[in-house]
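Biologist: I would like to go through this structure with you and ask what stands behind each label. Shall we start with a loop?

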Amino acid sequence: MKKLLILCVFLITALFVKAQRNEVFSPNIQSLQIKVNDNWLAPPIVNLNSDDVLEVSFDELSHEYHRFQYIISHHNADWTPSGLSEIEFLEGFNNSPIEDYKNSLNTTMQYTHYRVSFPNEQVKLKASGNYIITIFDDNDNSKPVCKACFSVIEKKVTVSATVSSNTDIDNNKSHQQVSFNVNYNGYNIRNPQSEVKIKVMQNLREDNCVTNPIPSYISSNELKYEHNKNLIFDAGNEYRRFEMVSVKYAAQGIQRIKFFDPYYHVTLIPDELRTKNYSYDQDQNGRYLVRYDWATNNNIEADYLLVHFSLPWKDELPDGNFYLQGAFTHDNLTDNYCLKYNPETKAFETIQLLKQGAYNYQYLFVPTNSNKTTTALTEGNYYETENEYLILVYHRPFGERYDRLIGVQQVYFK
């Protein structure tokens, strides 16, 4: 059984090496989240051999018990399987059930909340790098129900970074440029150009991340990434927000809440295009927080509501598709998050099943026959936008079989 599950993990991994993000494969699985030290704002990165606690949680939409099991796999910087054997990156047992689960209380939609934390009595991680936790239902172990991605760092280098709106293509207009140095004084990197791999993310997004930019300067102990056009990002706009923390009143961003047996429906205020002006708001850069005003335990007392999104569009229909983007979509540009045009309302619309809480979101456009996302048609691009950038530094010395994560830095444009 264990060999079968491990084989399934590697087959799944081979199919999704370009989609290094959390994914849900079953419609009955909702609200997949991964937290570090119970901090919903932190990136999914833990320190090797530390007291950091990583928690993976999700809901299954029933009160029926499912014996979910997880398999942990180790991956390179590009999320291909690494060359490590299980015993080299993991201490303990790699085929364990998720034993922490509770049924929802007083909700219109029944669900069971499952969660598992690492390290635990069954498993401890021994190597830095990227990891995927793949979760199976023991009743049907031929395919996973979801997967969650995270990283483990062993800090060996120092990363210093800045973000500027004075870019190599414009000045205080529609872009932001990231510059950074990697100082590896005291750590042996013989051939930085071939051994070091870099990844830069804007607001933890996978759809527009930059991988392996070429350094502008290399010294005996430092890599510099300055005036690099590959590190110029569309600035975008602040995320849109709404809060559905109660069904008794319409909070921020909500037009109305109505109960249509058997579920509540939340209609958001129709969104306007923001292509003319920058819209300041104190957002959370795409994240969401599960919360219900009168709950003592949000995990099992927050209800699921059907949320109606609407993006009015009276002009000629564009040649492409609009997608919802936010942490709750896991950056997946799939039909589930694609908006459909309604000629009666003259708007692009979608309905999402979401757990009560506070949400950030935006609309991305993907032209036909392209996989490049843009905010230009819906959100606009404004240099003032308060974005955050995450820089990850990987190292594979000559002869090694995996990419170590040796440096991480977050930098903010404010």
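Modeller: Gladly. Pro262 is in the loop between strand E21 (254-260) and strand E22 (263-268). Strands here (E, at least two residues) and helices (H or I, at least four) are DSSP runs, numbered from the N terminus.

Biologist: What makes the bond that joins Asp261 and Pro262 a cis peptide bond?

Modeller: The omega angle, which is about 15 degrees for Asp261 and Pro262. Another cis peptide bond joins Phe118 and Pro119, with omega about -5 degrees. Pro119 sits in the loop between strand E9 (112-118) and strand E10 (123-125). As background, most peptide bonds are trans.

Biologist: What kind of model is this, and how are the residues numbered?

Modeller: This is a predicted model, in which local features need pLDDT of at least 70 and side-chain atom pairs count only at pLDDT 80 or more, while totals for chains, interfaces and linings use all residues. Residues are numbered from 1 along each chain as its sequence is written, and side-chain values use heavy atoms, with hydrogens and water left out.

Biologist: Why is Asn37 called partly exposed?

Modeller: Buried means under 20% relative accessible area, exposed means over 50%, and partly exposed is in between (1.4 Å probe, protein chains only). Asn37 has 41% relative accessibility, so it counts as partly exposed. It lies in the loop between strand E2 (29-36) and strand E3 (45-47), and it has a positive phi of about 55 degrees although it is not a glycine.

Biologist: What is the phi of Leu204, and why is Leu204 called partly exposed?

Modeller: Leu204 has a positive phi of about 60 degrees, and it is not a glycine either. Its relative accessible area is 22%, so Leu204 is partly exposed. This residue belongs to the loop between E15 and E16. For context, most residues other than glycine have a negative phi.

Biologist: How do you know that Ser96 is buried?

Modeller: Ser96 has a relative accessible area of 4%, so the label is buried. This residue is found in strand E7 (residues 96-97). Beyond its neighbours within four places in sequence, Ser96 is in contact (heavy atoms within 4.5 Å) with Phe68, Gln69, Tyr70 and Gln122. The C-alpha atoms of Ser96 and Tyr70 are separated by 5.9 Å, although the two residues are 26 apart along the chain.

Biologist: Why is strand E14 called largely enclosed?

Modeller: Eight of the nine residues of strand E14 (residues 175-183) are buried, so the rest of the structure largely encloses it.

Biologist: Which strands pair with E14?

Modeller: Two strands pair if DSSP finds at least two bridges between them. Strand E13 (residues 158-164) has seven antiparallel bridges to E14, with Thr158 and Asn183 as bridge partners. Strand E18 (residues 222-225) is joined to E14 by four bridges, again antiparallel, and there Asn181 stands opposite Lys224. Strand E19 (residues 232-234) has three bridges to E14 and runs antiparallel to it, with His175 opposite Asp234.

Biologist: What makes E16 and E30 edge strands?

Modeller: Strand E16 (210-211) and strand E30 (404-412) each pair on one side only. They belong to an open sheet of four strands with the order E16-E15-E29-E30 and antiparallel pairing. E15 and E16 share two bridges, one of which sets Lys199 against Thr211. E15 and E29 pair over seven bridges, where Met201 has Leu390 as its partner. Strand E29 (residues 388-395) and E30 pair over eight bridges, and Val393 stands opposite Gly407. Strand E15 (residues 196-202) is mostly covered, with six of its seven residues buried.

Biologist: How do you know that the radius of gyration agrees with that of a compact globule?

Modeller: The radius is taken over C-alpha atoms, and the globule rule is 2.2 Å times the number of residues to the power 0.38. With 414 residues, the rule gives a value near 22 Å, and the protein chain has 22 Å, so the two agree. Along its principal axes the C-alpha trace spans about 65 × 55 × 40 Å. Buried residues make up 53% of the 414 residues, and the protein chain holds four helices and 30 strands.
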